[in-house]
Each structure stands twice: as C-alpha cells, then as structure tokens.
Amino acid sequence: MKRLLVVLLVSAMFAVGLAAPIVLKSADVHPDGYPTVEAVKMMGRIIEIMTNGKYRIEVYTGGQLGDEKETIEQTIMNAIQMTRVSVAPLQTFYDPIGVFAMPYLFRDEEHYWKVLEGPIGEELLKGVEKIGLVGLCYYDAGARSFYTRKPVQKPEDLKGMKIRVQMNEVMVALMQALGATGVPMAYAEVYTALQTGVVDGAENNPPSYYTARHFEVAPYYCLDEHTRIPEILLISKAFWDKLTPEEKLIFKTAAIASVQYEKYLWKKMEEEALEAVQKGGAKIFKPDISAFQKLAQAVYDKFPQYKDLIKRIQEVK
Ligand code: GTR
C-alpha cells in the first residue's frame with residue numbers, strides 16, 4: 001500500500017514538472033550575504049521559475065569547494081557546473097583576460113563598466129570558451145587597496161614588505177614595481193598568514209577586507225585603489241552545450257538580471273564595510289595616488305602581450 005502511494009506520488013510529481021531538478025553546484029569563496037553570492041542565488045531563483053523547476057543552482061559558499069584555481073579546474077571538468085571567481089586567477093588558464101589586472105587601467109568606474117559591458121568585455125567573456133568555460137557575466141568588485149600590519153601611506157613604506165596577492169602574474173609584478181614582494185596565496189589562508197606575520201599585508205576591496213575579517217589582523221588600510229579587477233561568473237561548457245537554445249537564453253537573461261542586483265548590493269556593502277572596519281579599529285588612509293601610479297607604470301613594459309588590448313581599452317571613451 002505504502003509502495004503504491006510512493007509510486008503515485010512520484011508520478012504525480014513528474015506530471016506537474018516537479019521531478020528531481022537538475023542541480024548545478026556553484027562555488028564562491030565568499031560567505032552568505034556577500035553581493036556575488038546573493039546575485040548567483042537570485043539568478044538561480046529566476047532560472048528555477050523560468051524552467052518550471054527543471055534546474056536548480058546550489059551555491060557553496062566560503063570556499064567549501066576549494067580555492068579559486070581549484071574551482072575553475074572543477075568547472076572546466078564539469079565536476080561542478082559553475083564558479084564565481086575574480087578574473088585574476090583566471091589569467092593562468094586564459095592569459096588575455098589578465099589584462100584586467102593591470103594597475104590603474106581604468107580612468108574611473110564609468111570607464112570600467114563601458115569596457116566590461118562593451119565589445120572588449122564581450123570578446124574576453126567569449127574567449128574563455130577556448131578553455132572549456134562559458135563566461136556568463138562580470139560582477140562589480142570595486143577597487144583593490146593595500147592593508148598592512150604597519151601603516152603604509154606612500155609607496156616607500158611598502159619597501160621590503162611581503163604582500164599576499166591572488167594567483168596572478170600581473171599582481172606579482174605590481175608588488176615588485178612598488179618595492180614589495182608579492183606572495184601568491186589562496187584567499188582562505190590570508191587571515192592566518194597576516195596574523196602570524198607570514199605576510200606583512202595584503203590587498204583587496206572593502207567588502208572582502210571586512211567579511212574575511214582581515215581588518216582585525218592588518219588594521220592599516222591605504223586606499224591607493226591600484227586595480228579594478230572584475231568578478232566573473234563561469235559555467236562549464238560541457239554543461240552549457242547540453243542546454244537547449246531557449247534554456248541558454250533563460251540562463252543568460254537571469255545572469256544579466258543578477259548583475260544589476262549585484263551592482264546595487266555592492267554599492268551598499270562597500271559603504272557599510274568601510275564603516276564597519278573603522279568601528280572594528282581599522283585606520284583608513286587616503287594617500288596621494290599619483291605616487292603609486294607612477295611606479296606602477298613599470299608593470300606595463302613587462303606584459304607586451306596586452307599592448308593592443310590596453311590601447312583599445314584606453315580608446316573607450
Ligand atoms: C576578492 C574576490 C575573490 C577572491 C579574493 C582574493 O575581492 O572577490 O573572488 O579573488 O578577492 O583576494 O583572493
């Protein structure tokens with residue numbers, strides 16, 4: 001009798017389209033509440049509704065599925081279906097996108113979005129197909145600045161310091177140009193590395209500085225805003241290729257909607273984070289940015305492969 005009921009129930013569920021959804025695992029190094037995490041969740045809800053429950057996105061937060069290099073690899077292999085990462089660690093897999101890590105590349109925020117949402121941004125999103133990924137969209141990640149155990153107010157203060165950077169060659173070169181040593185390291189390890197003095201500092205945007213609680217162990221935040229490296233949402237090409245044209249359109253539309261949401265959450269959190277870290281004891285310093293900018297120019301000679309792209313980016317008005 002019980003069996004019959006189960007069978008009936010299951011067939012009824014199939015009939016109304018509630019049958020076991022296809023679950024996409026999506027990775028993020030940030031916690032719940034972080035703009036990128038909430039944006040991907042929103043995208044998932046739109047997709048679930050629009051496909052009558054056929055697809056569901058489960059976001060695995062806080063680096064549960066590995067660091068960014070690992071989740072990129074897993075997404076390429078379709079072991080997980082999606083990952084939201086910074087474009088910085090993607091450089092190792094697809095070099096052209098590393099151009100976005102160049103220091104002081106964008107004149108301002110408007111220029112940044114014009115490039116990302118224009119032909120150059122599209123071209124680089126499309127480019128990741130070569131490595132088995134599909135780029136769905138970029139998200140805002142603001143500007144990255146230094147935070148250290150001892151105050152930094154001008155580039156000379158960075159001399160001899162070990163600064164944790166993302167897994168990215170441009171960032172290592174930038175630290176060298178500023179007189180420091182770049183130490184590539186996974187995000188999850190940064191707190192302890194700062195606490196124990198394995199590194200003297202790191203660099204990131206205000207929401208990361210706050211949510212990863214790095215302000216507790218590196219309380220001097222110098223807003224030199226050396227880079228604007230966007231976030232990117234990647235989906236496995238192996239998975240993508242199985243979607244119908246209509247499903248692809250739904251995924252892409254949902255991604256675009258989630259970008260608007262992320263941008264809104266980002267602005268809010270950027271402000272809240274700056275307030276919260278100061279309440280938590282961090283000291284914020286606004287330096288003379290041109291001093292950093294001048295030294296950072298040396299990085300441009302080291303990456304001749306980006307010359308054309310940089311020229312095109314600068315020409316975007
Ligand atoms: C954050 C970014 C993360 C991660 C992190 C890091 O700003 O959102 O995806 O790349 O920086 O520094 O590792």
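In which sense, parallel or antiparallel, do β4 and β10 pair, and over how many bridges? The close-ups below come from a predicted model, and the first one takes up this pair.

**Figure 1. A close look at the pairing of β4 with β10.** These two strands run in the antiparallel sense, and 6 bridges join them. To find your bearings, look for Tyr-138, which stands opposite Ile-232 of β10. All of β4 is tucked away: 7 of its 7 residues are buried, so the strand is largely enclosed by the rest of the structure.

**Figure 2. The open sheet of 5 strands.** Reading across the sheet, the order is β2-β1-β3-β10-β4, and the pairing is mixed. The edges are formed by β2 (55-60) and β4 (133-139), each of which pairs on one side only. From one strand to the next, the twist averages 25 degrees. Helix α10, spanning residues 245-279, packs on this sheet and touches β1, β2, β4 and β10 (231-236). The direction of α10 makes about 25 degrees with that of β4.

**Figure 3. The pairing of β1 with β2.** Strand β1 covers residues 22-27, and its pairing with β2 is parallel, over 6 bridges.

**Figure 4. Two residues with positive phi, Arg-213 and Glu-225.** Arg-213 is not a glycine, yet its phi is positive, at about 60 degrees. You will find Arg-213 in the loop between α8 (206-211) and β9 (220-227). Is Arg-213 buried, partly exposed or exposed? Its relative accessibility is 39%, so Arg-213 counts as partly exposed. Glu-225 also has a positive phi without being a glycine, with a value near 50 degrees. Glu-225 sits within strand β9. With a relative accessibility of 37%, Glu-225 counts as partly exposed.

**Figure 5. Arg-228 and the residues around it.** Arg-228 belongs to the loop that runs between β9 and β10. Despite being a loop residue, Arg-228 counts as buried because its relative accessibility is 18%, below the 20% cut-off. Which residues does Arg-228 touch, leaving aside those up to four places away in sequence? They are Phe-100, Phe-106, Asp-108, Glu-109, Tyr-112, Gly-142 and Ala-143. For a sense of distance, take Ala-180, which is 48 residues from Arg-228 along the chain; the C-alpha atoms of the two are separated by 20 Å.

**Figure 6. The largest pocket and its lining.** A handy way to picture such spaces is that rolling a probe the size of a water molecule over the atoms shows where empty space is left. The largest pocket holds about 310 Å³ of space. Its lining is made up of 19 residues, and those nearest the centre are Tyr-104, Leu-105, Phe-106, Arg-107 and Gln-293. Which element gives the most to the lining? That is β9, with 4 residues. Sorted by class, the pocket lining has 8 nonpolar, 6 polar and 5 charged residues.

**Figure 7. The largest cavity, lined by 22 residues.** The model contains 2 cavities of 30 Å³ or more, and the largest has a volume of about 230 Å³. Nearest the centre of the largest cavity are Glu-68, Ser-86, Arg-164, Gln-166 and Tyr-187. Both α3 (68-76) and β3 (82-86) supply at least two residues each to the lining. By class, the cavity lining divides into 9 nonpolar, 6 polar and 7 charged residues.

**Figure 8. Helix α5 packed with helix α13.** Here α5 (residues 119-127) meets α13 (residues 307-315) at an angle of about 145 degrees, and the axes lie 10 Å apart. On the α5 side, the contact is made by Ile-120, Glu-123 and Leu-124; α13 brings Leu-309, Arg-312 and Ile-313. The classes in this contact are 4 nonpolar and 2 charged residues, with no polar ones.

Terms used
Residues are numbered from 1 along each chain as its sequence is written. This is a predicted model: local features need pLDDT of at least 70, side-chain atom pairs count only at pLDDT 80 or more; totals for chains, interfaces and linings use all residues. Side-chain values use heavy atoms; hydrogens and water are left out. Two strands pair if DSSP finds at least two bridges between them. Axes are lines fitted to C-alpha atoms, for helices over the stretch in contact, and angles run from 0 to 180 degrees between N-to-C directions. Contact means heavy atoms within 4.5 Å. Buried means under 20% relative accessible area, exposed over 50%, partly exposed in between (1.4 Å probe, protein chains only). On a 1 Å grid over the protein atoms alone, a cavity is a set of points where a 1.4 Å probe fits but cannot get out, and a pocket is an open set with protein on both sides within 12 Å along at least five of seven lines; lining residues have an atom within 4 Å of a point. Grid points are joined across faces, edges and corners, and a volume is the space filled by probe spheres set on the points. Ala, Val, Leu, Ile, Met, Phe, Trp, Tyr, Cys and Pro count as nonpolar, Asp, Glu, Lys and Arg as charged, and the others, Gly among them, as polar.
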